[in-house]
Amino acid sequence: RSDAELKADMDYLVRLWETIRRRSETSTAPVLIHRVLSLSLRSVRDLFSSETDRIVVDSEEEHNRIRSFASQFFPRIQDRIELYRGPEPVFDHYGIEIEVTRALDKKVWLKSGGYIVIEQTEALTVVDVNTGKYVGRSSLEDTTVKINLEAVKEIVYQLRLRNIGGIIIIDFIDMKSEENREKVYNALVDALRADRSKTTICKISELGLVEMTRKRVRESLGRSLSEACPYCSGEGVLKSKKTICYEVFRALERQGLLLSGKQVSLYVHPALAEELFGEERRFLEILEQRYGMKVNISASEKYHIEQYRIEPV
């Protein structure tokens, strides 16, 4: 960190200690001497920098609290704290709602017509760069370099916006020229200089891959604003209806001798019931004949598509 950043941090801590000391000396117990900062005040303390033009707040109470905090610890930024009084929600006015939606999408479009895909897993994050609708007017190599350079800016922006940390693999569109690979790598290094989180980056490989790490300082935006799908438990995929049908058939076969000569109720999701009444009906009839059972299918929306229950009547 620069001398200016270290000094600013030190100045804040000294002022904070002086405030705590002064309160402790002039107060009678029991009294609150210090409390952890609220989210808005932590944002002012941690995120406000020389690059920040202003802080816009839509709550008069919060605006006053931030101004009071700034006057005590960051007097130089007081004039840059603004109270929003517009008729529409502040997120709509400044386009924040759109950015939040973009930050939760896997696919992010570039102005040229190309796009990047961001996939987060437990182990690492993969960013894939694609040409998309952009075909270019010059050679394929020039088109590739242009999209990769445009993608660099968006990738760095998305890493900061989404608070993505840990191991990150970027799959740039393959470039034949070593000079062009170096050009894209240097652009990535330059763009990451403004990132407050510590990053380590490797050169672009022959396959067009960049391996990098970014210090994880807090939970990613995707994890903060979303939760695992209760239907697929966060897997992102479900078994096909045909696969589940054959799981049901194998379950009936395993219980075939016990169910022989009996009426059997099979409880399933409506989509699976449709499959069993349709394409898979013939195999179900074969099982009924083989084991001398009668299977009555009962459909219910309360069942997960992969869930079923077999009960003798």
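Visitor: Why is Asn 163 called buried?

Guide: Asn 163 has a relative accessibility of 14%, and since buried means under 20% relative accessible area, partly exposed the range in between, and exposed over 50% (1.4 Å probe, protein chains only), Asn 163 counts as buried. This is a predicted model, in which local features need pLDDT of at least 70 and side-chain atom pairs count only at pLDDT 80 or more, while totals for chains, interfaces and linings use all residues. Residues are numbered from 1 along each chain as its sequence is written, and side-chain values use heavy atoms, with hydrogens and water left out.

Visitor: What is the phi of Asn 163, and where is Asn 163 found?

Guide: Phi of Asn 163 is near 55 degrees, a positive value in a residue other than glycine. Asn 163 lies in the loop between helix 6 (140–161) and strand 6 (166–171), where helices (H or I, at least four residues) and strands (E, at least two) are DSSP runs numbered from the N terminus. Most residues other than glycine have a negative phi, and most peptide bonds are trans.

Visitor: What kind of peptide bond joins Ala 29 and Pro 30?

Guide: That bond is cis, with omega about 0 degrees, and Pro 30 is placed in the loop between helix 1 (3–26) and helix 2 (39–47).

Visitor: Why is Cys 202 called partly exposed?

Guide: Cys 202 has a relative accessible area of 39%, and is therefore partly exposed; Cys 229, at 33% relative accessibility, also counts as partly exposed. The structure holds 0 disulfides, a disulfide being a pair of cysteine sulfur atoms within 2.5 Å.

Visitor: What makes helix 9 and helix 12 roughly parallel?

Guide: Helix 9 (residues 241–254) and helix 12 (residues 281–291) pack at an angle of about 0 degrees, with their axes 11 Å apart; axes are lines fitted to C-alpha atoms, for helices over the stretch in contact, and angles run from 0 to 180 degrees between N-to-C directions. Angles under 35 degrees count as roughly parallel, over 145 as roughly antiparallel, 65 to 115 as roughly perpendicular and the rest as oblique, so helix 9 and helix 12 are roughly parallel to each other. Contact (heavy atoms within 4.5 Å) involves residues including Phe 249 of helix 9 and Phe 283 of helix 12.

Visitor: How do you know that helix 5 and helix 6 are roughly perpendicular?

Guide: The axes of helix 5 (residues 96–104) and helix 6 cross at roughly 100 degrees and come within 11 Å, and helix 5 and helix 6 are therefore roughly perpendicular to each other.
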